[in-house]
Amino acid sequence: MAALKYSRQREAIKEFLDSRHDHPSADTVYENLRVVFPNISLGTVYRNLSLLADIGEITKVTVSNGPDRYDARKSPHNHFICRNCHSVIDLDIEEDSALDQKAALVFPGKIEGHITNFYGLCVNCMKKVEKEKEMP
């Protein structure tokens with residue numbers, strides 16, 4: 001692949017994602033970058049996020065019934081995705097290399113790792129559900 005031409009906007013997107021741990025959507029990235037780059041377009045943000053994900057600089061986390069989220073953390077880790085508010089939270093649990101070995105037994109290709117997404121309700125949404133149950 002040819003060398004990627006430097007882009008201040010792309011670098012700003014990476015820096016923004018590096019500063020966050022909440023896995024922002026493209027819209028959130030766009031709204032925050034407009035402060036520094038008033039003429040940036042949403043399309044430019046989407047294109048750069050897609051490019052950065054394609055070259056492995058960031059991770060795209062697909063959320064069903066919600067916008068894709070983006071993660072600058074490249075080390076292997078798992079995510080919790082709230083089925084209500086669609087928040088994406090890093091879930092730091094010990095890696096299960098046995099799972100890779102189990103998958104290798106049934107897959108003829110080469111397993112190099114895995115990422116697991118866990119689903120349910122985040123703490124904030126659980127509190128909301130409990131409050132709604134208490135209301136008459």
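Student: Where does Asn 48 lie?

Tutor: Asn 48 lies in helix H3. Helices here are DSSP runs of H or I with at least four residues; strands are runs of E with at least two, and both are numbered from the N terminus. This is a predicted model, and local features need pLDDT of at least 70. Residues are numbered from 1 along each chain.

Student: Is Asn 48 buried or exposed?

Tutor: Buried means under 20% relative accessible area, exposed over 50%, and partly exposed in between, with a 1.4 Å probe and protein chains only. Asn 48 has 9%, so Asn 48 is buried.

Student: What does Asn 48 touch, not counting residues up to four places away in sequence?

Tutor: Contact means heavy atoms within 4.5 Å. With those sequence neighbours left out, Asn 48 touches Arg 10 and Ile 13.

Student: How do I read two packed helices?

Tutor: Use the angle between their axes and the distance between the axes. Axes are lines fitted to C-alpha atoms, for helices over the stretch in contact; angles run from 0 to 180 degrees between N-to-C directions. Helix H2 (residues 26-33) and helix H3 (residues 42-54) have axes that come within 9 Å and cross at roughly 120°.

Student: Which residues meet there?

Tutor: From H2, Ala 26, Asp 27, Val 29 and Tyr 30. They meet Leu 42, Val 45, Tyr 46 and Leu 49 in H3.

Student: Which strand holds Asn 78?

Tutor: Asn 78 is in strand S3 (residues 78-82). Its relative accessibility is 4%, so Asn 78 counts as buried. The side chain of Asn 78 reaches the backbone nitrogen of Thr 116 at 2.9 Å.

Notes:
Predicted model: local features only at pLDDT ≥ 70, side-chain atom pairs only at ≥ 80, totals over all residues. Heavy atoms only, no water. Polar contact = N/O pair within 3.5 Å; in protein donor to acceptor, adjacent residues only side chain to side chain.
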